[in-house]
Amino acid sequence: MMAESSKIKLSVSIGPLTLQNPVTVASGTFGYGQEYVPYCNVSRLGAVVVKGINRRPRVGHNQPRLVETASGLLNCIGLQNVGVDEFIREKLPFFREMNTACIVNVNGSSLDEYIEVSEILDSSPGVDALEINISCPNVKEGGITFGVDPVMTERVTREIRNHTHLPLIVKLSPNVTDITTIAKAAACGGADALSLINTLLGMAIDPIARKPRLSNVTGGLSGPAIKPVALRCVWQVHQAVQIPLIGMGGICNGLDAVEFLIAGASAVSVGTASFTDPAASEKVLDELIDFCVQNKISDISTLIGSLTIS
Ligand SMILES: Cc1cc2nc3c(=O)[nH]c(=O)nc-3n(C[C@H](O)[C@H](O)[C@H](O)COP(=O)(O)O)c2cc1C
């Protein structure tokens with residue numbers, strides 16, 4: 001198996017960015033990368049997408065902010081992060097010794113904040129691409145306000161495009177009526193690629209206390225429960241735009257990843273699965289390679305968008 005697998009071409013292109021393989025980890029589920037070193041070989045991953053970064057540190061929402069439901073994880077972390085200065089000083093150097101690409105997820109509560117954070121990261125060696133989070137359902141200001149409106153999506157994408165040379169990935173929300181409209185707007189604004197999907201807005205109630213289980217009342221649903229929604233979004237967006245997609249939502253094993261590639265994703269992200277098994281992303285990669293060997297696929301990119309509808 002080993003000799004055969006070494007012949008498979010695994011690298012994929014995400015616009016101007018080449019990844020050594022299509023398996024990445026989703027923002028907010030893999031810390032700043034370094035935390036997972038004891039559990040998996042981070043260097044083997046195509047990319048690590050780090051936790052969303054703001055201009056200044058954020059403490060996020062009060063506890064409780066993670067609740068397990070019968071069908072998925074609900075979170076209202078509220079974008080807790082160290083802020084861009086500490087990120088560059090303390091977290092980024094780790095990636096300079098890694099083969100894996102570093103994609104920085106960027107948050108903003110205003111257009112100016114998105115631009116400022118992107119500009120600072122643009123001049124920071126070790127950052128390989130920006131993923132713009134216009135889809136966080138858990139904060140009142142910024143984020144989702146941009147991601148549900150095509151005009152704002154195009155504007156924020158274009159403004160950031162004008163302030164960075166880095167590959168620009170825009171992360172889309174499923175909490176919209178027609179995701180293809182938002183995808184087209186981001187592409188028009190100059191995005192090199194899109195990632196999708198962010199979490200689905202949900203809530204959980206404690207019936208005895210008659211209170212919400214999350215401090216923020218509502219939160220984002222993730223995990224296997226959302227995979228069919230995510231696959232549908234990737235498939236729809238793949239038909240609507242020409243730029244590459246990074247697909248995510250409930251990916252737990254190699255076959256899940258294969259489904260996303262067939263639906264039209266050029267790469268995938270493993271998210272919530274890393275909480276039940278911190279080595280989940282490496283297993284997804286191994287199983288993806290096994291799939292290629294078993295099915296005599298010599299170039300993984302031939303899977304991308306290969307869905308046939310009779
Ligand atoms: C605890 C938690 C924190 C997250 N934080 C971020 C974030 O900071 N920025 C972002 O764009 N997405 C964030 N997400 C969304 C994930 O990156 C991913 O899009 C989503 O969870 C779907 O993938 P999954 O079902 O594999 O987890 C977060 C998700 C979880 C569960």
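The model is predicted, so local features need pLDDT of at least 70 and side-chain atom pairs count only at pLDDT 80 or more, while totals for chains, interfaces and linings use all residues. Residues are numbered from 1 along each chain as its sequence is written, and side-chain values use heavy atoms, with hydrogens and water left out.

I begin with the helices. Helices here are DSSP runs of H or I with at least four residues, strands are E runs of at least two, and both are numbered from the N terminus. The axes of α3 (residues 111-122) and α5 (residues 150-161) come within 9 Å and cross at roughly 30°. Axes are lines fitted to C-alpha atoms, for helices over the stretch in contact, with angles from 0 to 180 degrees between N-to-C directions. The two helices are therefore roughly parallel to each other, a term for angles under 35 degrees. On the α3 side, Leu111, Tyr114, Ile115 and Ser118 make the contact, and on the α5 side Arg155, Val156, Glu159 and Ile160; contact means heavy atoms within 4.5 Å.

I turn now to the largest pocket. A pocket is an open set of points on a 1 Å grid over the protein atoms alone, where a 1.4 Å probe fits, with protein on both sides within 12 Å along at least five of seven lines; lining residues have an atom within 4 Å of a point. The largest pocket is lined by 38 residues, and Ser27, Gly28, Thr29, Lys51 and Asn75 lie nearest its centre. Elements giving two or more residues to this lining are β6 (72-75) and α9 (273-276).

Note on methods
Angles under 35 degrees count as roughly parallel, over 145 as roughly antiparallel, 65 to 115 as roughly perpendicular and the rest as oblique.
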